[in-house]
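Me: I've got a structure to go through with you. Can we start with the charged contacts, then look at the strands?

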Amino acid sequence: MAKREDFFVGMDLGSSKICVTVGKENEEGTLDIIGVGISTLSGVSKGTVKEIEDTVSGISEAIEIAER
């Protein structure tokens, strides 16, 4: 059976961009950043989601970039 790997994901959703960071615990017990994704965001205004489709699209793009 394959060993389970735990990943840590942080997301910052702003009014104009979204940032996603992916980390993984190393052997020393500290966190290595293994992926970062940044995308423009047009569906949020003053902390409120105005256009759900645009917001989801921006989040999906940032996650995809971080996964690469």
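**Salt bridge and sheet**

Me: How many salt bridges does a search of the whole structure find?
Reply: One. A salt bridge here is a side-chain nitrogen of Lys or Arg within 4 Å of a carboxyl oxygen of Asp or Glu. This is a predicted model, where local features need pLDDT of at least 70, side-chain atom pairs count only at pLDDT 80 or more, and totals for chains, interfaces and linings use all residues. Residues are numbered from 1 along each chain as its sequence is written, and side-chain values use heavy atoms, with hydrogens and water left out.

Me: Which residue forms a salt bridge with Arg68?
Reply: Glu64. The closest N and O atoms are 3.1 Å apart.

Me: Is Arg68 buried or exposed?
Reply: Exposed, because its relative accessibility is 72%. Glu64 has 45%, so Glu64 counts as partly exposed. Buried is under 20% relative accessible area, exposed is over 50%, and partly exposed is in between (1.4 Å probe, protein chains only).

Me: New topic. What is the order of the strands in the open sheet?
Reply: β1-β2-β3, with antiparallel pairing. Strands (E, at least two residues) and helices (H or I, at least four) are DSSP runs, numbered from the N terminus. Two strands pair if DSSP finds at least two bridges between them.

Me: Which are the edge strands?
Reply: β1 (7-13) and β3 (31-40). Each pairs on one side only.

Me: How many bridges join β2 to β3?
Reply: Nine, with β2 covering residues 17-25. Among the residues involved, Ile18 has Ser39 in β3 as its bridge partner.
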